Amino acid sequence: MKIVRKSTNKGRDAQDPTSVFDRKGCDYIHVSDIQNISPSEYEKMKVSDDLLLLDVREQYEYEQTNLGGKHIPLSMIFSFSEELPSNKTIVVHCKSGKRSLVAIQILEELGFDKLLNLQGGINAYLEFKNQTT
């Protein structure tokens, strides 16, 4: 399954269908290749020193509520990817799980291979926490 950003450009500016990146960021992602982690699985794993939580939401969203992870907005992933450890598993999350999928595809293209998507994003995690308390 693919999520595709449709191009409105025609002719010489049309997007290359074999390219992951266009001029604005991500062209498409292969959702089936991305590993998900449920909120309950993340809750069990989050104490590990070999794990980093990465929040790819916008600054205002992070300021409203966050899980304490490293914050790099999706729009800044290219610029700040060198701040991420390549030796740790990175759990990527956003609000609902869509932007984190794009972020994971970008990070994979940059050479990161230990990546997990927090299924349902922060919304699902907070709902899980409310149900368990």
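User: Where do D33, E108, E109 and D113 gather, and how do I read that feature?
Analyst: They gather in a patch of negative charge on the surface. A patch is built from residues with over 30% relative accessible area and no salt bridge, with like charges joined within 9 Å and nonpolar side chains (Val, Leu, Ile, Met, Phe, Trp, Tyr) within 5 Å. Asp and Glu count as negative, Lys and Arg as positive, and His and the chain ends aren't counted. Each charge is placed at NZ of Lys, CZ of Arg, CG of Asp or CD of Glu. Areas come from the Shrake-Rupley method with a 1.4 Å probe, and for residues only the protein chains shown count as cover.

User: What should I know about the model before going on?
Analyst: This is a predicted model, where local features need pLDDT of at least 70 and side-chain atom pairs count only at pLDDT 80 or more, while totals for chains, interfaces and linings use all residues. Residues are numbered from 1 along each chain as its sequence is written, and side-chain values use heavy atoms, leaving out hydrogens and water.

User: How many helices and strands does the protein have?
Analyst: Helices (H or I, at least four residues) and strands (E, at least two) are DSSP runs, numbered from the N terminus. Here you get 5 helices and 9 strands. Going along the sequence, the pattern reads β-β-β-β-β-α-β-α-β-α-β-α-β-α.

User: What percentage of the protein counts as buried?
Analyst: Of its 133 residues, 39% count as buried.

User: Which residues touch the most other members of the largest nonpolar core?
Analyst: A nonpolar core is a set of buried Ala, Val, Leu, Ile, Met, Phe, Trp, Tyr and Cys residues joined through side-chain atoms within 4.5 Å. The largest one has 18 residues, and L54, V56, I77, L84, I90, V92 and L107 touch the most other members. Two or more residues each come from β6 (51-55), β8 (89-93) and α4. Helix α4 gives the largest share, 5 residues.

User: How many salt bridges does a search of the whole structure find?
Analyst: A salt bridge is a side-chain nitrogen of Lys or Arg within 4 Å of a carboxyl oxygen of Asp or Glu. The search finds 5 of them.

User: Which residues do salt bridges with shared partners join into one network?
Analyst: E43, K46 and K129. E43 pairs with K46, with the closest N and O atoms 3.4 Å apart, and K129 pairs with E43 at 3.1 Å. K129 sits in helix α5 (residues 121-132) and E43 in helix α1 (residues 39-45), so this pair ties together parts that are 86 residues apart in sequence. As for cover, E43 is partly exposed at 23%, K46 is partly exposed at 35%, and K129 is partly exposed at 26%.

User: How do I read distance along the chain against distance in space? Say, how far apart are K114 and L51?
Analyst: Compare the sequence gap with the C-alpha to C-alpha distance. K114 and L51 are 63 residues apart in sequence and 9.5 Å apart in space. K114 belongs to the loop between α4 and β9 (115-118) and is partly exposed, at 37% relative accessibility.

User: Where are K88 and L67 found?
Analyst: K88 is in the loop between α3 (77-80) and β8. K88 is partly exposed at 27%, and its C-alpha is 10.0 Å from that of L53, 35 residues apart in sequence. L67 is in the loop between α2 (59-64) and β7 (70-71). With 24% relative accessibility, L67 is partly exposed. L67 and L53 are 14 residues apart along the chain, and their C-alpha atoms are separated by 8.2 Å.

Notes: Buried < 20%, exposed > 50% of the residue type's maximum accessible area, 1.4 Å probe, protein only.
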